[in-house]
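Hi there,

Here is the structure I promised to pass on. Have a look at it first, and my notes follow below.

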Amino acid sequence: MDDTPQRHWKPWIAGIAVFVVVVAWAVLEVRGVGEDSRPAFLTTALEPSGPNRPDDARLHIAGSGSCVPLTRMLAGSVMQRLDLSPEVHASIGSGGGIRALRDGAIELAIVSRALRDEEIDAGLVYTPFARVPVIVAAGLDVPDRAVTYDELSALFDGRRTQWSDGTKVVVLLREAGDSSHRVVEEVVPEFADITASVRAQGAFRVLYHDGAMQVALANTPGAVGLHGNGVDPSLAGFRALAVEGVEPTGGNVESGAYPFVKELGFVTIGPPQGEAKAFIDYVLSPQGRALLRVRGAVPPAPEGD
Amino acid sequence: MPLREPSGQVRLALQSYLGARLAPLTLIVAAFTCLSAPLAFFLLARDALEVRGDGTAREAASLLRQDVQERPLLWKYDASKVVARVGAFELPGVDRVVVVDADGIPIRGSADDLDALARLEALWRSADIEVEGKVAGTVWVAVSTRALERNTIALTLGFGALGLVLGVLLYGLPMRAMGRAEANIRELVGRLEESQGALARFNATLEQQVEDRSAELRDALEELRRKEQNLREISARAIRMQEAERRGIARELHDSAGQALTAIRIHVQLIGDLLSAREGDDAKTTTMARRTLSMVDDTVEEIRRAVNQLGPAVLDDVGLEAAIRRAGDDLSEATQVQVECHYDVAVELDASVEITAYRIVQESLTNVARHAEASEVTLRVAIEDGALRVSIEDDGAGFDSEAVGPRRRGLVGMRERVELLGGEIQIASAPGEGTRIRVSLPVSSLE
């Protein structure tokens with residue numbers, strides 16, 4: 001039995017070393033959790049690999065979903081009359097359309113809102129092409145045919161939960177900043193707070209595109225929501241309620257009797273040119289205007305009127 | 001010599017020895033206790049976070065997949081809606097959901113605060129948005145690790161305290177017990193050293209005592225040997241004197257009573273003859289004379305036998321060898337027993353030894369004649385290893401030596417005679433297996 005003090009300290013030192021190593025490893029492991037999982041955009045400056053534009057020579061049009069049905073209808077018409085083959089993409093929103101335009105991904109943006117100052121300063125040019133009603137849409141099973149501003153507020157803030165026949169009201173919301181909501185908010189100021197509140201509460205279902213709203217209105221019993229893309233409600237499977245006793249017809253829009261009206265327009269970088277100009281010219285031509293009126297939209301007054 | 005403390009106590013170092021070997025074990029146990037549960041919790045919780053992050057990312061990617069499918073190139077420009085939609089996944093525990101395009105660049109509004117994102121204590125998990133086999137974008141989910149770290153540290157502190165307590169108990173209790181044991185051992189060693197000192201002192205006196213006792217025993221033994229030798233010599237002299245006495249008596253009987261009886265027999269025979277010559281004499285007297293003559297013959301024979309028993313004059317006359325052979329011949333003549341005799345003694349023996357040897361042979365042959373019903377007897381007399389060896393073997397009926405015991409006075413007499421001279425006798429016999437008597441008589445008695 002070697003009982004020299006030096007020999008007795010060796011196991012102590014070895015044990016303490018093991019303990020320290022294990023603890024250090026554990027601490028590093030805990031503190032470093034997630035370090036190696038960071039995505040590249042947090043650690044590296046990434047650059048786009050190339051242009052984001054479709055690799056063809058067609059006129060690409062994209063933007064607000066409110067404009068898409070009318071624009072597609074007009075694009076179909078212009079393909080038959082002119083040597084143009086524009087492609088109207090699915091909705092990416094007015095802002096998305098403007099960004100795509102500025103990125104060079106498309107040649108023509110369609111928007112359902114006015115340009116902002118910085119967009120104007122950037123040289124963007126807005127060309128309105130139609131006004132459409134923002135309808136208070138309800139399912140075909142809903143017995144009510146009209147709402148007042150108060151009733152509209154009551155429906156959307158959850159105070160009114162039943163239609164006149166006792167069926168349950170199902171409110172469908174659009175995301176914040178949606179052009180249809182913005183139009184109603186301009187007429188019914190408290191509507192902005194109401195929708196913001198119920199969105200925050202998660203009280204009602206939120207839909208992010210006109211197409212999705214259209215499908216939900218048609219398929220949800222007791223549904224009510226705002227919709228404004230120039231599509232005939234009766235063809236889409238829901239109905240438009242009169243607001244304050246006024247039906248959302250083209251005439252009421254043009255006369256200003258119907259309160260919730262949305263203006264649709266084209267945006268180009270600088271004055272329209274090339275195929276974009278030809279398409280806009282066609283839309284604003286008598287033929288284009290006629291088509292718009294057929295769909296219940298109100299074209300802008302001809303220049304010089 | 002054991003090592004000693006400056007105080008003079010024995011230094012055992014058991015406690016330090018145990019402590020040195022117990023310390024690593026204690027530290028390992030403490031470390032294991034301190035870290036095992038927190039580590040297990042950490043690993044499991046991290047896996048759970050990964051699963052949660054993966055699930056959230058996959059769910060968000062799945063939600064966006066249809067939008068991307070409808071807008072293969074332009075989906076990322078619908079950023080506000082994309083961000084709003086995936087924002088619904090930013091529930092407690094999920095710090096951020098970031099959507100990047102195919103180049104890995106976050107879409108607008110998704111990750112405008114890169115510095116804040118980089119500072120997040122989070123585990124990043126991702127799921128690709130695949131459309132027609134191509135990756136159109138990726139959803140990154142930052143799952144917060146703050147709760148994981150906080151809980152892991154709390155567990156580590158708790159189990160660290162537990163490990164500390166266990167370590168103290170694991171190290172302290174055996175060390176305390178060993179300390180007590182060491183004190184006891186030290187005390188025992190002290191006592192042992194005292195005992196060793198006393199034992200050393202005792203050994204010193206004991207050796208002297210043993211030496212003294214040994215000397216006394218040697219003296220006593222020497223005295224005993226001397227006395228034994230004296231006793232043997234006295235015994236030998238006694239035997240010789242006894243034998244001389246007996247021979248004197250025998251000679252007296254032979255010379256006086258024997259001669260007288262011989263004369264009486266002659267006279268009685270003459271009387272008988274005279275009476276027979278006279279016709280008409282009393283027949284009764286003649287018959288009485290003849291009977292008297294017969295009685296005299298019997299008496300002469302008895303005296304002759306007594307003389308022979310009392311004093312084997314044959315020893316003096318012909319020596320031991322011839323006396324033994326003659327005894328054998330006498331047995332053969334009297335009983336038809338074949339007696340074979342081997343005699344190999346070339347030294348002169350003391351008279352007591354010769355007498356004892358002869359008496360042994362004589363008694364043995366008498367027993368053969370009376371009890372053995374033997375057909376052969378073998379006698380051997382020789383000098384071996386400084387002793388006279390006498391062996392008498394017969395093929396007779398034998399006897400149970402255990403059963404016979406002291407009733408055989410002849411056997412007892414033989415043993416007494418032998419032991420008087422310091423010799424040994426072995427009598428081996430069993431029913432139906434004959435008898436073998438071996439006697440060893442020391443010839444030192446010649447001196």
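The contact (heavy atoms within 4.5 Å) draws 52 residues from chain B and 47 residues from chain A. Before the rest, two notes on conventions. This is a predicted model, where local features need pLDDT of at least 70 and side-chain atom pairs count only at pLDDT 80 or more, while totals for chains, interfaces and linings use all residues. Residues are numbered from 1 along each chain as its sequence is written, chains are lettered from A and ligands numbered from 1 in the order in which they are written, and side-chain values use heavy atoms, with hydrogens and water left out.

Together, chain B and chain A bury about 4300 Å² (accessible area, 1.4 Å probe, lost on being put together and summed over both), with 67% of it on carbon and sulfur atoms. Leu74(B), Tyr77(B) and Lys81(B) supply 18% of what chain B buries against chain A, more than any other three residues.

Which charged pairs turn up? Across this interface the rule finds zero salt bridges (side-chain nitrogen of Lys or Arg within 4 Å of a carboxyl oxygen of Asp or Glu).

By element (DSSP runs: helices H or I, at least four residues; strands E, at least two), the side of chain B that touches chain A includes two or more residues each from helix 1 (14-70), strand 1 (94-101) and helix 4 (146-277), among others. Helix 1 of chain B gives the largest share, 17 residues.

Best wishes

Terms used
Buried area is the accessible area (1.4 Å probe) that two parts lose on being put together, summed over both.
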